[in-house]
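User: I am new to reading protein models. Please take me through this one in short steps.

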Amino acid sequence: QGIIARANLDWFLGPPKLDTLDIRFVPDHAALLSNLLSGAVDLVSSPGVRAPEAVVARDQWVSKGEGYLKTWATRLDFMEFQYRQVPGRTSALSDTRVRQALMQAIDRQSIVDTVDEGIGSTADAFVLPSDVLFPEIDGSIRKYPFDPQRAAALLAEAGFQRSGPSSLFAGPDGKTLDVEVMGSTGQAQEATIIANNWKVVGINSALNVLPAARERDREYRANFTGTQLNGRSISTENFHFVSAQLPRPETGYVELNRGSFSDLEIDRLQKIALTSLDARERTAATIAIPVRMSELAGYAPLHYQVEVFLAKNNVKGPIGNYGPQEGNSWNIFEWEVA
């Protein structure tokens, strides 16, 4: 199955360089990779091609000079904390030091190496590396690099102690620090790495990998007891850690702020970023939001989901996502086959 697309010779920027495009629908990842390696197609891209296929093509195809690989990012994978008083909630998550400790105990590079086959990158904030504001934001936020010793020190500051090197952290009441990691089936690897990282530090972590039947159960997903993995396309409009997005039973829990994070200053800044007519005000608010979120340890940015395309060397023009231009076909009128 597929589509044959013909060039519009009256395109306002001039006739496209390619007269015809043969667009094929190949639902199987392995078959898509096979078509590329055999020369049956000229270009393949996300979401059909994932990191595992991209690495195989890089090692078996790009390395031989038969094509090229480009990567970029549009989405962030992150971990939410539960702030609402749901049954079984880990109450210690109300302490900023505990959230900071959990973040410092996550080996995010290991997640990238495992989930994205090493071709992605870790993330510290809800901002794209290609964003013009990225350097200023990246230099202003508080970061939480993988540091088990610092994580243990923060937990000790929060009142948790270990009776020995191999024991679990427990509070003054003698109860262990129990934190669940919830994720969908597709996030099982990520969730497992995080849970294992926490166990090494001395946190009694547990996995809750959602069966497919529960992945669309909004009420269940909004009532997680500890932490939950999530992902979003990165944009000012998509930042959902605001009070207006708190999940409510009367709406069927359709709101996106599943962990119920709420901060009046973040609400104020987000409103400015979205509605102010003053460009300087919008810019200042856009920078201030990730800075404050990092100080509060409001959530845990993990890594950028890697987007890829692979193309033969004679295919010229594809750029991929670039600034505000999403996807890889936005400049398709400039593509050509040399």
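User: Is glutamine 82 buried or exposed?
Analyst: This is a predicted model, where local features need pLDDT of at least 70, side-chain atom pairs count only at pLDDT 80 or more, and totals for chains, interfaces and linings use all residues. Residues are numbered from 1 along each chain as its sequence is written, and side-chain values use heavy atoms, leaving out hydrogens and water. Buried means under 20% relative accessible area, exposed over 50%, and partly exposed in between (1.4 Å probe, protein chains only). Glutamine 82 has 0% relative accessibility, so the label is buried.

User: Which backbone oxygen lies 3.1 Å from a polar atom of the glutamine 82 side chain?
Analyst: Glutamine 82 is in the loop between strand E4 (67-81) and helix H3 (96-104); helices (H or I, at least four residues) and strands (E, at least two) are DSSP runs, numbered from the N terminus. Contact means heavy atoms within 4.5 Å. Not counting residues up to four places away in sequence, glutamine 82 touches several residues, including Arg89, Leu93, Phe224 and Arg258. The backbone oxygen at 3.1 Å belongs to alanine 222.

User: Is asparagine 204 buried, partly exposed or exposed?
Analyst: Asparagine 204 is found in strand E7 (residues 204-209). Its relative accessible area is 31%, so asparagine 204 is partly exposed.

User: With which side chain does the side chain of asparagine 204 make a polar contact?
Analyst: A polar contact is a pair of N or O atoms within 3.5 Å; within protein, one must be able to donate a hydrogen and the other to accept it, and residues adjacent in sequence count only if both atoms are side-chain atoms. Asparagine 204 touches Leu168, Thr176, Leu177, Asp178 and Val179, not counting residues up to four places away in sequence. The polar contact, at 2.8 Å, is with the side chain of aspartate 178.

User: What span does H10 reach from its first C-alpha to its last?
Analyst: Helix H10 covers residues 279-296 and has 18 residues. The expected span of a helix is 1.5 Å times one less than its number of residues. For H10 that expected value is 26 Å, and the span reached is close to it, at 26 Å.

User: Against which elements do the buried residues of H10 pack?
Analyst: The buried residues of H10 include Ala285, Ile287, Val291 and Met293. They pack against helix H5 (134-140), helix H9 (264-275) and E9.

User: Which element gives the largest share of the lining of the second largest cavity?
Analyst: Residues of this lining include Phe126, Pro290, Met293, Ser294 and Tyr299. H10 and E9 each supply at least two residues. The largest share, three residues, comes from H10.

User: Which strand gives the largest share of the lining of the largest cavity?
Analyst: The largest cavity holds about 90 Å³ of space. Its lining includes Ala300, Pro301 and Leu302. The largest share, three residues, comes from strand E9.

Notes:
1 Å grid on protein atoms, 1.4 Å probe; cavity = no way out; pocket = protein on both sides within 12 Å on 5 of 7 lines; lining within 4 Å. Points joined across faces, edges and corners; volume = space filled by probe spheres on them.
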